[in-house]
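Subject: Handover of a structure, with notes

Dear colleague,

Please find the structure below for your records. My notes on what was found in it follow directly after.

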Amino acid sequence: MNIFVINIVLTLLLGVLLFVVQPTERKKRIFIALMTINWTLISGLRGLTVGADTLVYKGRFERTAHTSWARLFENFYLVYVNEEGKDPGYAVFEKCVQIFTDNYQVYLVVVAVIFFAGMAWWIQKYSAEPCLSYLIFSSFLFAFYALTGLRQTLATVLVVFLGTKLIEERKFWRFLLVVAVAFTIHKSSICFLPFYFLARIPVNKKTIAGMTILTPIVFIYNAEIFRFLGYLVGYEYAELENRGAYGFTFMYIAVTVVMVFCLPIFRRKCERYRMYYNALFMGLLFLPLVFVNPTAMRVVQYYSLFLMLSVPQLAKCFSRKVRLPVYATMVAALLLATNVYQYTYSFFWQ
């Protein structure tokens, strides 16, 4: 049994122990703290062969160590004026960490601490069922954020975890500043900027009808839209024959359908329902682009993280009598429909 399956089992057991038997706010904090430590260790202590880009980022980290501060700040001019290179803010972040350590493995731990601490705060503040939130992450989203991403992982902490609070509190200029900083780390973060305005759009029959019509249109013209989006965020990838995320797409559409049918209940039970539904719809709109090139999943990921909030809230909408079977069904569906079994893992010392 691989470490990811073991992790899911432990998450489920801890959730049962802490939340089924006299749940309290203190137990919730303990559970989130344990999950944060758990995922920080898995992500930060991974070997260089774990994750598609871990070794590639090591080479970049070493190059930054031999680059002067003056050159790093000059890169901002080269990137945004001369259009040479990309994401100069990420190298500045690397250099800041290198003030304290030049060890790449320690650097991976630092990035993991930043991301999972940010996610812990986000779940603590917004999730109705933290156990289910972490189960969704552990089977649905971990491969990108825990094993592969570094630049976008850092950008996500800013635009999603911190950005959610700024969107909810309607602090536009602060949100714009956060997106601007994230943009220098990973350009794809600019695709989350419209959500500030879209998060409060009314969710009703007209909205759902519009999404039902617009999604197939995006699928028909996905190649053209992908080329424009690639130019906008500075990642002009070509079309690929090996494309599409069928398991992820199936799960995402299934969740969307269930959420739409449960809208009347969800609206009564959750004051943030507009934000959750509109995030779900935005992710759905970007999904057809993944069938042109898998790199489009970078954009979908920003919005798909809200599944960690909306699905637990959906489960909470059911009465206590049927809540346990609903949880069991959701967990079983996650394990069957995702590719958690396909990943191999090794610690850096193995």
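Helices (H or I, at least four residues) and strands (E, at least two) are taken here as DSSP runs, numbered from the N terminus. Leucine 162, for example, lies in helix α8, which covers residues 151-168.

Please note that this is a predicted model, in which local features need pLDDT of at least 70 and side-chain atom pairs count only at pLDDT 80 or more, whereas totals for chains, interfaces and linings use all residues. Residues are numbered from 1 along each chain as its sequence is written, and side-chain values use heavy atoms, with hydrogens and water left out.

Overall picture

The chain contains 18 helices and 0 strands. Its mean pLDDT (the predictor's confidence in each residue, from 0 to 100) is 85, and 89% of the residues reach 70 or more. Over residues 238-242 pLDDT stays under 50, and for this stretch the model has 8 contacts (heavy atoms within 4.5 Å) beyond four places in sequence. Of the 350 residues, 53% count as buried; buried means under 20% relative accessible area, exposed over 50%, and partly exposed in between, with a 1.4 Å probe and protein chains only. Among contacts between residues at least 6 apart in sequence, 79% join residues at least 24 apart.

Helix α13 and its partners

For the helix pairs, axes are lines fitted to C-alpha atoms, for helices over the stretch in contact, and angles run from 0 to 180 degrees between N-to-C directions. The axes of helix α13 (residues 246-261) and helix α17 (residues 307-317) come within 11 Å and cross at roughly 45°. That angle makes α13 oblique to α17; angles under 35 degrees count as roughly parallel, over 145 as roughly antiparallel, 65 to 115 as roughly perpendicular and the rest as oblique. The crossing of α13 and α17 is left-handed, a term used if the near helix is turned anticlockwise from the far one by less than a right angle, with right-handed used if clockwise. On the α13 side the contact is made by Tyr252, Val255, Val258 and Met259, and on the α17 side by Leu307, Ser310, Val311 and Leu314. By class, this contact has 7 nonpolar, 1 polar and no charged residues. Here Ala, Val, Leu, Ile, Met, Phe, Trp, Tyr, Cys and Pro count as nonpolar, Asp, Glu, Lys and Arg as charged, and the others, Gly among them, as polar.

Helix α13 also packs with helix α15 (residues 273-286), at an angle of about 145° and with the axes 11 Å apart. This crossing, too, is left-handed. The contact involves Tyr252, Ile253, Val255, Thr256, Met259 and Val260 of α13, together with Tyr277, Ala279, Leu280, Phe281, Gly283 and Leu284 of α15. These residues divide into 10 nonpolar, 2 polar and no charged.

Valine 260, in helix α13, is partly exposed, with a relative accessible area of 26%. Residues up to four places away in sequence aside, valine 260 touches Ile208, Tyr277 and Phe281.

Serine 304 belongs to helix α16 (residues 297-304) and counts as buried, at 0% relative accessibility. Beyond its neighbours within four places in sequence, serine 304 is in contact with Leu141, Phe248 and Tyr252.

Helices α2 and α7

Helix α2 (residues 25-44) and helix α7 (residues 130-145) pack at about 20°, with their axes 10 Å apart. That makes α2 roughly parallel to α7, and their crossing is right-handed. Lys28, Phe31, Ile32, Met35, Thr36 and Trp39 of α2 meet Pro130, Cys131, Tyr134, Phe137, Ser138 and Phe142 of α7. The residues of this contact divide into 9 nonpolar, 2 polar and 1 charged.

Individual residues

Leucine 162 is partly exposed at 35% relative accessibility. Its C-alpha atom is separated by 9.2 Å from that of tryptophan 121, 41 residues apart along the chain.

Aspartate 87 lies in the loop between α4 (69-80) and α5 (88-98) and is buried, with a relative accessible area of 0%. Arginine 170 is found in the loop between α8 and α9 (172-185) and is partly exposed, at 32%.

Yours sincerely
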